[in-house]
Amino acid sequence: MIYANILVPYDGSDHAEKALEAAAAFAAEGDVKVRLLTVTYPADVDPGLYYDGGGMGPDPVQVELDQELNKSAQQKALTQLKEVAAAHLADVPADHITYDVRMLPVVPDAIVEYAREKHCDLIIMGRHSKKGILDFLGSTAKSVMRKTDLPVLTVE
């Protein structure tokens, strides 16, 4: 098997579920690790500046609220990843699946960085463009393909 460490970015779309099905087919061929990644956006940090007697700084209450929102979003995304894996990767041994959630504002950068960190050798991702045949790759898939030297299999 050429590919042993596959990354599947998951965004909840039907196209991403088809990418999971493709990953399951690769995993059926042998000892293949499947890494599921969801990238969530951090809560907007509205500086909510206040006057503290000498300088302006972020509102500590807002910072704490944003941290709690981020933690909640990450937990929800992790739960969703595990549910979708149970549905689409049932034949893949549980110890061959990893689940990760990254919180970064630029999704393609997060995908490429994660693939590099985890030494992935293939990225399988859904594509869905709203522009039709003239631009059949979605902007995320296109950006990932431009930013990595790994093979990227897109499915629709």
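Strand S1 (residues 5-9) and strand S6 (residues 122-126) pair in the parallel sense over two bridges; strands count as paired if DSSP finds at least two bridges between them. Helices (H or I, at least four residues) and strands (E, at least two) are DSSP runs, numbered from the N terminus. This is a predicted model, in which local features need pLDDT of at least 70 and side-chain atom pairs count only at pLDDT 80 or more, while totals for chains, interfaces and linings use all residues. Residues are numbered from 1 along each chain as its sequence is written, and side-chain values use heavy atoms, with hydrogens and water left out.

**Overall layout**

- The protein chain has four helices and seven strands, and from the N terminus on its elements run β-α-β-β-β-α-β-α-β-α-β.
- Of the 156 residues of the protein chain, 40% count as buried; buried means under 20% relative accessible area, exposed over 50%, and partly exposed in between (1.4 Å probe, protein chains only).
- Among contacts between residues at least 6 apart in sequence, 70% join residues at least 24 apart; a contact means heavy atoms within 4.5 Å.

**The sheet**

- Five strands form an open sheet in the order S5-S2-S1-S6-S7, with parallel pairing.
- Its edge strands, S5 (97-103) and S7 (152-155), each pair on one side only.
- Neighbouring strands of the sheet are turned by 25° against each other on average, direction ignored; axes are lines fitted to C-alpha atoms, for helices over the stretch in contact, and angles run from 0 to 180 degrees between N-to-C directions.
- S1 and S2 run parallel and are joined by five bridges.
- Leu7 stands opposite Ile123 in S6, and its bridge partner in S2 is Arg35.
- S2 is mostly covered, with seven of its eight residues buried.

**Helices on the sheet**

- Helix H1 (residues 14-27) packs on the sheet and touches S1, S2 (33-40), S6 and S7; the direction of H1 makes about 145° with that of S6.
- Helix H3 (residues 107-117) lies across S1, S2, S5 and S6, and runs at about 150° to S2.
- In helix H4 (residues 139-147), the buried residues are Ala141, Ser143 and Val144.
- Seen down the axis of H4, these buried residues fall within an arc of 165°, so they line one face of the helix; the arc is that of the directions from the helix axis to the C-beta atoms.
- The cover over the buried residues of H4 includes H3, S6 and S7, while the face turned away from the buried side carries the exposed residues Ser139 and Arg146.

**Nonpolar cores**

- A nonpolar core is a set of buried Ala, Val, Leu, Ile, Met, Phe, Trp, Tyr and Cys residues joined through side-chain atoms within 4.5 Å.
- The largest core has 24 residues, and those with the most contacts inside it are Ile6, Val8, Leu20, Val34, Leu36, Leu89 and Ile124.
- S1, H1, S2, helix H2 (60-88), S5 and S6 each supply at least two residues of this core, and the largest share, seven residues, comes from H1.
- A second, separate core of 15 residues includes Leu7, Val107, Ala141 and Val152.
- Leaving aside neighbours within four places in sequence, Leu36 is in contact with residues including Val8, Leu20, Leu81, Ala85, Leu89 and Tyr99.

**Individual residues**

- Val84 is found in helix H2 and is buried, with a relative accessible area of 7%.
- Val84 and Leu20 are 64 residues apart in sequence and 8.6 Å apart in space, C-alpha to C-alpha.
- Beyond its neighbours within four places in sequence, Val84 is in contact with Tyr10, Glu17, Leu20 and Leu89.
- Thr148 has its place in the loop between H4 and S7 and is buried, at 16% relative accessible area.
- A polar atom of the Thr148 side chain lies 3.1 Å from the backbone nitrogen of Leu150.
- His119 lies in the loop between H3 and S6 and counts as exposed at 64% relative accessibility.
- His119 has a positive phi of about 55° although it is not a glycine.
- Most residues other than glycine have a negative phi.

Technical notes:
A polar contact is a pair of N or O atoms within 3.5 Å; within protein, one must be able to donate a hydrogen and the other to accept it, and residues adjacent in sequence count only if both atoms are side-chain atoms.
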